[in-house]
Amino acid sequence: MTTLSGHVEYYLRLRRALGFKLERAGELLPQLVAYLEAEGATTVTSELAIAWARLPERARPNHWAQRLAVARGFARYLQTLDPTTQVPPSGVFPTRRHRPTPYLWSAADIAGLLDAAGTLRHPLRAATHQTLFGLLAVSGMRLGEAIGLDRDDVDFDTGVITIRQAKFERTRLVPLHPTTTQALRCYAAERYRLCPQPRSRAFFLTSVGTSLTRSAVDKTMRQLTIASGIRTTTVHPRVHDLRHRFAVDTLIGWYHNGVDIDAHVAELSTYLGHVAPADTYWYLSAVPELMELAAQRLDQRFGDPR
């Protein structure tokens, strides 16, 4: 093992012990080390790190920026051991965050989706998707978080879900409404009846007792929305849009009830697992109804500027 490889191994082990998964870094840093060593370097330099990050050359700047961010994290650590290490500057590659326009699920749409999921051919597959989509709609959880749940992560006594595979490698708690807890309890009983000896400890199971995959759930969503007529050539509902619907409904409810959004948006951000309230405020600009309500609130507070 080379010196740089040893530093990578220790860096990953140290940060993972602090709770970071670093799956992407675990894949990319050995590639960075191989590139540096092929160039005859014994440590990280800004020039070489940027050149490595810019691979492949036909990739988008966002891809390069993500690779450089991994190199920067390792370089900051390495610089504490080797002062000759250079930490590449940030902002080298222009990046733009693209957010697809969300499909705004109505209550009738969601009811139709759950009914359709209940008609899937295998009874366990039907129960799984019906409960999964229902949970996403009423909790705002991400799909990856939900399909990553183990049985022990759902506490029926306290009505709390523990998400151990949240975005940005964080753990968070999601309190549930009693009706949601009861629905999950009923699913767990049905799951045991239909598959008493599963091959996975995942909370949500496939018809053969294994854990769900994101691609399979997305495929089922497409199947159900095509059959129901919701999906068209121009309208493409996504599983993730159920999370949008939860956030939007919460904000609309606050507006109608006169809640001070600025004072409480941090609570919604925490519940959704957003890193910053700015990610939650995005819903204001994404949904026309929220923009209208926000304008009305400003008009009431400051008067019509016209």
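How many aromatic pairs does a search of the whole structure find?

Mentor: The search finds 10 aromatic pairs. In one of them, the ring centres of Y103 and W105 are 5.3 Å apart and the planes stand at 90°, so this pair is edge-to-face. (Rings of Phe, Tyr and Trp, the last by its six-membered ring, pair if their centres lie within 6.5 Å; planes under 30 degrees apart are stacked, over 60 edge-to-face, the rest tilted.) Before going on: this is a predicted model, in which local features need pLDDT of at least 70 and side-chain atom pairs pLDDT 80 or more, while totals for chains, interfaces and linings use all residues. Residues are numbered from 1 along each chain as its sequence is written, and side-chain values use heavy atoms, without hydrogens or water.

Both partners of that pair are covered. Y103 has 18% relative accessibility and so counts as buried (under 20% relative accessible area; over 50% is exposed, in between partly exposed; 1.4 Å probe, protein chains only). W105, at 4%, is buried as well. Elsewhere, Y10, Y11, F74 and Y77 make up one aromatic cluster.

Two rings also carry a charge over them (NZ of Lys or CZ of Arg within 6 Å of the ring centre and within 35 degrees of the ring normal). The charged end of R67 lies over the ring of W52, 4.1 Å from its centre. For R191 over F203, the distance to the ring centre is 4.9 Å.

Now the helices (DSSP runs of H or I, at least four residues, numbered from the N terminus). The axes of helix 3 (residues 46-53) and helix 4 (residues 61-79) come within 8 Å and cross at roughly 140°, which makes helix 3 oblique to helix 4. (Axes are lines fitted to C-alpha atoms over the stretch in contact, with angles from 0 to 180 degrees between N-to-C directions; under 35 degrees is roughly parallel, over 145 roughly antiparallel, 65 to 115 roughly perpendicular, the rest oblique.) Helix 6 and helix 8 (residues 178-194) have axes that come within 10 Å and cross at roughly 160°, so they are roughly antiparallel.

Helix 6 (residues 123-139) has 17 residues and should span 24 Å at 1.5 Å a residue; its end C-alpha atoms are 24 Å apart, which agrees (the expected span is 1.5 Å times one less than the number of residues). G140 follows helix 6, with a positive phi near 75°.

Technical notes:
Helix = DSSP H or I, 4+ residues; strand = E, 2+ residues; numbered from the N terminus.
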